[in-house]
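This report examines one protein model, beginning with a residue named in a database record and continuing with the pocket and the charged pairs. Please keep the sequence and the structure in view while reading.

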Amino acid sequence: MACIYGDVTRIHTTGASKETGRQDGQPLQGEKASHALAATDLSRMNKYKSTITKVARDHQMDPAVVAGIISRESRAGNALDKGGCGDHGNAHGLMQVDKRWHTPRGGPYSEEHISQGTKILCDSVEEIQRKFPNWSKEQQLKGGLSAYNMGASRVPSYEQTDINTTGGDYANDVLARAQWYKQNGF
C-alpha cells in the first residue's frame, strides 16, 4: 500500500546540523552527514526491516520514514540503555516514545512499539494537516516529523519547521536519512 502522507523523495532537505553530523566522530553536516549516519545504522536497521515494512504498510506510512526516525532517535537501538530506554530514561524503544506524554506499549524493539511510534507520527502529520491545510502533502509530512519531535503547536511555519526541534535539524535530518533508506531497500 502506498504512503498517503506524501513522497519522501520529493521533499527538499538540508540534512543534519554540524552538531548532529558529528555523532560518529566525523566532521560532516548536511545530507552527507545524514546519509553517513543512516549507512552506519543499516546493519542494525535490517534486523527490524520486515517489522518496519509491515507496520508502515498498516499505517500507510513510508517505511523509509519510519527507518529514518529509528536511525535518528536510537541509532537503530545502539543508543539505548539495557532496558531499551534513552533520553535519561524518559523515552522508550527504537522510536523513543516519550514516557512523559505517552504510555509506552510493547517491548522496546517490538512490533507493538514500532506501531505505536508510527501511529504517533501519523497523528502528528494529521495535526499539521489541520494546522496548515494549504501545505502540500510533502510539506505536511516534513512538518509532521517536527511535530513528532516537539509537538505541532511548536511548528510556526514551513520555513521554520525545525526552529524548535532537537538540534534545530530534526525533520531535515530524518528526511535525509529516509531518502537514503529509500534508495537502500526500505
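## The annotated residues

D87 is partly exposed, with a relative accessible area of 39%; the term partly exposed covers the range between buried, under 20% relative accessible area, and exposed, over 50% (1.4 Å probe, protein chains only). D87 is placed in the loop between β1 (85-86) and β2 (91-92). Strands (E, at least two residues) and helices (H or I, at least four residues) are DSSP runs, numbered from the N terminus. When neighbours within four places in sequence are set aside, D87 is in contact (heavy atoms within 4.5 Å) with Q96 and R100.

An unreviewed UniProt entry lists E73 and D87 under "active site". UniProt positions are given in the numbering used here, feature names are shortened, and such annotations may be inferred rather than shown by experiment. E73 is found in helix α4 and, at 21% relative accessibility, counts as partly exposed. Apart from neighbours within four places in sequence, E73 is in contact with L94, M95, Q96, Y148, N149 and Y170.

## Basis of the model

The model is predicted: local features need pLDDT of at least 70 and side-chain atom pairs count only at pLDDT 80 or more, while totals for chains, interfaces and linings use all residues. Residues are numbered from 1 along each chain as its sequence is written, and side-chain values use heavy atoms, with hydrogens and water left out.

## The largest pocket

The largest pocket has a volume of about 870 Å³. On a 1 Å grid over the protein atoms alone, a pocket is an open set of points where a 1.4 Å probe fits, with protein on both sides within 12 Å along at least five of seven lines; lining residues have an atom within 4 Å of a point. Grid points are joined across faces, edges and corners, and the volume is the space filled by probe spheres set on the points.

The lining of this pocket has 32 residues, and those closest to its centre are E73, Q96, D98, Y148 and N149. Elements giving two or more residues to the lining are α1 (18-21), α4 (63-74), β3 (97-98), α5 (111-131) and α6 (137-150). By class, the lining has 12 nonpolar residues (Ala, Val, Leu, Ile, Met, Phe, Trp, Tyr, Cys and Pro), 9 charged residues (Asp, Glu, Lys and Arg) and 11 polar residues (the others, Gly among them).

## Salt bridges

Side chains of opposite charge can pair when their charged atoms come close. The structure holds 14 salt bridges, each being a side-chain nitrogen of Lys or Arg within 4 Å of a carboxyl oxygen of Asp or Glu. One of them joins E111 and K54 (3.0 Å, N to O). E111 lies in helix α5 and K54 in helix α3 (residues 49-59), so this pair ties together parts that are 57 residues apart in sequence. E111 is partly exposed at 37% relative accessible area, and K54 is partly exposed at 32%.

Another salt bridge links K119 and D123 (2.7 Å, N to O). Both residues lie in helix α5, 4 residues apart, about one turn of the helix. In helix α7 (residues 170-183), R177 and D173 are also 4 residues apart, and their closest N and O atoms are 2.9 Å apart in a salt bridge. Both R177 and D173 are buried. These two residues also belong to a network of salt bridges that links D24, D41, R44, R72, R75, D169, D173 and R177.
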